[in-house]
Amino acid sequence: MRNSFKKYILGKAVSATVTSIRKPMIQNFEIPVPPLEVQSKIVEYLDNFTELEAELEAELEARRKQYEYYRNKLLTFDKVGGGKI
């Protein structure tokens with residue numbers, strides 16, 4: 001679409017001192033829209049991606065908590081036997 005829009009604009013642009021584009025020049029540009037079936041498929045893929053992203057975020061948070069737990073365990077020194085060192 002970018003290439004066809006660029007060609008369209010370059011064909012409609014007014015070249016004076018400064019090349020300019022005005023609203024009426026782009027009002028008739030047709031934007032290609034995929035068929036409804038293809039749009040539905042895209043939405044389905046995006047929904048699946050969103051679900052997977054949420055699962056990965058939850059997994060990442062669980063790993064962070066696990067890391068924090070073991071880090072704290074390693075860095076916490078409990079007295080053994082209650083005696084003096």
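Guide: Begin with exposure: a residue is buried under 20% relative accessible area, exposed over 50%, and partly exposed in between (1.4 Å probe, protein chains only). Take Glu59: at 37% relative accessibility, Glu59 counts as partly exposed.

Visitor: What kind of model am I looking at?

Guide: This is a predicted model, where local features need pLDDT of at least 70, side-chain atom pairs count only at pLDDT 80 or more, and totals for chains, interfaces and linings use all residues. Residues are numbered from 1 along each chain as its sequence is written, and side-chain values use heavy atoms, leaving out hydrogens and water.

Visitor: How many helices and strands does the protein chain have?

Guide: Helices (H or I, at least four residues) and strands (E, at least two) are DSSP runs, numbered from the N terminus. Here the protein chain has three helices and two strands. Along the sequence, the pattern reads α-β-β-α-α.

Visitor: What share of the residues is buried?

Guide: Of the 85 residues in the protein chain, 4% are buried. Accessible areas come from the Shrake-Rupley method with a 1.4 Å probe; for residues, only the protein chains shown count as cover. The protein chain exposes about 8500 Å². Carbon and sulfur atoms supply 59% of that area.

Visitor: Now the rings. How many aromatic pairs are there?

Guide: Rings of Phe, Tyr and Trp (its six-membered ring) pair if their centres lie within 6.5 Å; planes under 30 degrees apart count as stacked, over 60 as edge-to-face, the rest as tilted. That rule gives two aromatic pairs. One joins Phe5 and Phe29. Their centres are 4.9 Å apart, with 75° between the planes, and the pair is edge-to-face.

Visitor: Where do Phe5 and Phe29 sit in the chain?

Guide: Phe5 is in helix α1 (residues 2-12). Phe29 is in the loop between α2 (23-26) and α3 (36-75). They are 24 residues apart, so the pair links distant parts of the chain. Phe29 is buried, at 16% relative accessible area. Phe5 is partly exposed, at 31%.

Visitor: And how are the rings of Tyr69 and Tyr70 arranged?

Guide: Their centres are 5.0 Å apart and their planes stand at 80°, so that pair is edge-to-face. Tyr69 is partly exposed, with 46% relative accessible area. Tyr70 is partly exposed as well, at 49%.

Visitor: Next, charges. How many salt bridges are counted?

Guide: Side chains of opposite charge can pair when their charged atoms come close. A salt bridge needs a side-chain nitrogen of Lys or Arg within 4 Å of a carboxyl oxygen of Asp or Glu. The count here is two salt bridges. Arg63 bridges to Glu59, with the closest N and O atoms 2.9 Å apart. Arg64 meets Glu61 at 3.7 Å, N to O.

Visitor: Why are Arg63 and Glu59 separated by about one helical turn?

Guide: Because they are four residues apart in helix α3. Arg64 and Glu61 also lie in helix α3, three residues apart, about one turn of the helix.

Visitor: Are these arginines buried, exposed or partly exposed, and what about Glu61?

Guide: Arg63 is partly exposed, at 48% relative accessible area. Arg64 is partly exposed at 47%. Glu61 is partly exposed at 35%.

Visitor: Which residues make the nonpolar surface patch?

Guide: Patches use residues with over 30% relative accessible area and no salt bridge: like charges are joined within 9 Å, nonpolar side chains (Val, Leu, Ile, Met, Phe, Trp, Tyr) within 5 Å. Phe5, Ile21 and Ile26 make a nonpolar patch of about 240 Å². Phe5 brings us back to helix α1.
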